[in-house]
Amino acid sequence: MARSMNLVLNVWRQKNAKDQGRFVRYDAKAINDHMSFLEMLDVVNEDLAHKGEEPIAFDHDCREGICGSCGMVINGVPHGPAKSTTACQLHMRLFKDGDEITIEPWRAGAFPVVRDLVVDRSALDRIIQAGGYVSVRAGAAPEANSLPVPKLDSDQAFDAATCIGCGACVASCPNASAALFTAAKISHLALLPQGGPERTDRVRKMVAQMDAEGFGHCSSHKECEAVCPKDISISFIAKMNRELITAMSVAPNEIKSRSKG
Amino acid sequence: MQLDSRAPTGPIEQRWNEARFKSKLVNPANRRKYKVIVVGSGLAGGAAAATFGELGYNVSCFCYQDSPRRAHSIAAQGGINAAKNYQNDGDSVYRLFYDTVKGGDFRARESNVYRLAELSVNIIDQCVAQGVPFAREYSGLLGNRSFGGAQVARTFYARGQTGQQLLLGAYQSLSKQIEQRTVKMHPRTEMLDLIVVDGVARGIVTRDLVTGKVSAHTADVVVLCSGGYGNVFYLSTNAKGCNTTATWRSHRRGAYFANPCFTQIHPTCIPQSGDYQSKLTLMSESLRNDGRVWVPKNLADLQRDPKNIPEADRDYYLERQYPSFGNLVPRDIASRRAKEMCDLGKGVGPEVAGVRRGVYLDFGDAVKRLGRDAVAERYDNLFQMYERITGENPYEVPMRMYPAIHYTMGGLWVDYNLMSTITGLFVGGEANFSDHGANRLGASALMQGLADGYFVLPVTVSNYLAGVKPGGVDESHPDVRRTVGEVEARIQRLMSIRGKRTPESFHRELGTLMWDYCGMARTEAGLKFALAKIPELKAEFYGNLSIVGSGEEYNIMLEKAGRTADFFELAELTCRDALDREESAGGHFREEHQTEEGEAQRNDDAFSYVAAWEFTGESLAPKLNKEPLSFEYVHPSQRSYK
Ligand SMILES: Cc1cc2nc3c(=O)[nH]c(=O)nc-3n(C[C@H](O)[C@H](O)[C@H](O)COP(=O)(O)OP(=O)(O)OC[C@H]3O[C@@H](n4cnc5c(N)ncnc54)[C@H](O)[C@@H]3O)c2cc1C
Ligand code: FES
């Protein structure tokens, strides 16, 4: 049977990047416990709109936990209290009548607030642009089965590739480090033979971009792994570091001539 | 206008090769002088933009999300078809072609479908080379499964995240081009209109979703890959932002809209739990391999704990009605039978708007037969997802399922080159109507999006560009300024209504109307009712809409209002098309046209054509243009699953 509950929300409201921002209290009345967390916010938003107040802006799209759009800090935890679950897949049955819920945007220097709970995560895109790909033109690919990949490697690569780029790892980290995000892509491609030829360049460029964006360093707090909705393991960060050390041991001019080729 | 499909003739195996050879080329040194606009960064748009960039064109790509990686394609679960015949089970390009034409209920163009089947093999090569981690066997070679009732195992998959992995592959290639500055990405930017100068597409007008700034972007060619319009039904399995604005606005500028009534329903989605529901979640079709569908025989049992309902009191209606196919009947049949049961008052689960809409999908027998571990191995991730959403454990309580809108076969009409009826406007992916006829087979949308993006558009758009001089129209052109002015006026109009109802409430009401009268089963009376009702609701929208805030800022209500406004117009056209098509075909089921067994009945003599609708003016009836279909290779037959 559905339960109905009344909640109090403390929501971060900020009109734009220049605005100071502040918490505002809202009553969320008659919330059905079958609702998703975002549906609860929809209901609050419809209510606000009826009163002529601006609705709370938040990013969302698939609402299935796969696009990585949604992201908010719920009671201090990125994506909220359920393990391996994005905010859009969080359901209200985890809350109870009378609960007070604090909702904030991702907080990190590299993620400026756009409005309310919406932040600018383009820094993550730029890390991928720095080298998170295999350079293969459309049409240039060899027959797919001409390159067997051991199942174990492929499975491990997948575990890294499953990252949805939501940025929760950054939001959870006391240093606002993007190490888990960056390591996931580096590992995905380093574990596969297709990623081999560009491996050295890739790790150097992606790590350099990560630093240039103003993300902090990893000091092994492991908060990122705990909040990652896709359970990406911090062992990939160790892998990234090993990849980097190996890449550093290659003479820079060798790298130069390689990247020219 | 006479519709020319420009489909090549001659032996079907040679048509694409021939067309490629005849295509004109642009000199590599000249390519950067050509501006190419791609709207959309899903599988079709992402692949197209990356490939145009690789070829050296000057590309601008647009999406409404904050990153191109989040396009709706990311959500596809099941897999992608390709005629590799790695399983040596008798598959071939010809068989995939045959299955797709037949699956589309003989309402697609043979030439296009053959090309799609042909290119399917290149797609897999491309994606593997990018590092897409498809499922592999212990040999290290690629694995396959059979999907959606196909008799061969031709589906490639990446756990339950095939769309995600394919999209990330395209996104990574796109990222490389962004880094190389051949592509400029415009995220959080929505296309609100198409710029047409002297009958030729010359650019788009966009709104920056963060600042509200309206601007014009001119180009030598415009490629729309903006996805499907399933959200006209409000509740669907599509992402929340999916919309018809890019395609609808282009339609109003002269692009014909083809077969809007061909919409697909997916039988296994998690039912609605209340009137606050914001979207529906699809559960993989594979569940029907082991799950048994039933409803209680007695109305008194509807609210009873299903575990306590004895076998004798359960109606396994699919097994009863279709003894040979049972729970594995095709999507549309499974969907309609579920609706029928619920209409009869036999649905289970919570009551929403007075009706219980759900049927049981029971794994009790599977657990007994195979053991819990074997069931877990096959379905555990799906069971977890179900439990997260419903709070019920499918190992103990039967799942509840109900059909939902999932995909739209209709879309902008395109010729063989994927060019619309506007010169210089190309359309790829779910946004066009081209390859799936009246019904799409499982795992074929990803294939089509990538075929269009990586392989078809790069050839056909280059061929087009080779015939035009680059540049010519810039932002100061009067037609460009006029279009920008019209967009601003439209935004102004929405902002200044200052009524009482939110855009969300209108969209929801429109969606309910569409689902009730133009959903799984359609009738003449119902469609006529909807056609009377939609204009009323639309009039109320323009008289009583309320948007808080201003247009010069991030405004989620304004975004929603613009999309809803376009859905109203598309909804009307969809109902009109459904009314006009006096037959049942694929996803379009007219109750008046069924066999004695309740199966869809096509009328090939009268309706073997593509309905391409032409916009004739505000509040004027659209004009129907027909592209006749002929079948040289696969001869139309009536299907039977009894
Ligand atoms: C839940 C689910 C599961 C599915 N599973 C499968 C499967 O297993 N196999 C299969 O083959 N198919 C599947 N499909 C279908 C398939 O995913 C889609 O048909 C396909 O991904 C569409 O790709 P696309 O590139 O055409 O469009 P999309 O991926 O929808 O991309 C549209 C793009 O256009 C942009 N856009 C839209 N409007 C505008 C605008 N006005 N201005 C600017 N940008 C705009 C968006 O930002 C986005 O980038 C599934 C669909 C769903 C809903
Ligand atoms: S909305 Fe897509 S992951 Fe949450």
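This is a predicted model: local features need pLDDT of at least 70, side-chain atom pairs count only at pLDDT 80 or more; totals for chains, interfaces and linings use all residues.
Residues are numbered from 1 along each chain as its sequence is written, chains are lettered from A and ligands numbered from 1 in the order written, and side-chain values use heavy atoms, with hydrogens and water left out.

Start with the ligand. It has 37 residues around it, the closest being Gln65(B), Ser73(B), Gly78(B), Met191(B) and Glu430(B); a residue counts if one of its heavy atoms lies within 4 Å. By class, that shell has 16 nonpolar, 18 polar and 3 charged residues, with Gly counted as polar and Tyr, Cys and Pro among the nonpolar ones.

Now the polar contacts (N or O pairs within 3.5 Å). A backbone N or O atom of Met191(B) sits 2.8 Å from a ligand 1 nitrogen, and a polar side-chain atom of Asn243(B) is 3.2 Å from a nitrogen of ligand 1. The protein covers 98% of the 1000 Å² of accessible area that ligand 1 has on its own (Shrake-Rupley, 1.4 Å probe). Strand 6 of chain B gives the largest share of the shell, 3 residues; strands are DSSP E runs of at least two residues, numbered from the N terminus.

Over to the sheet: 5 strands of chain B form an open, antiparallel one, ordered 11-17-16-12-13. Strands 11 (263-269) and 13 (314-315) of chain B are at the edges with a single partner each, so one side of each has no neighbour in the sheet. Pairing takes at least two DSSP bridges; strands 16 and 17 of chain B have 3, with Tyr360(B) partnering Arg400(B) in strand 17.

Definitions and conventions:
A polar contact is a pair of N or O atoms within 3.5 Å; within protein, one must be able to donate a hydrogen and the other to accept it, and residues adjacent in sequence count only if both atoms are side-chain atoms. Helices (H or I, at least four residues) and strands (E, at least two) are DSSP runs, numbered from the N terminus.
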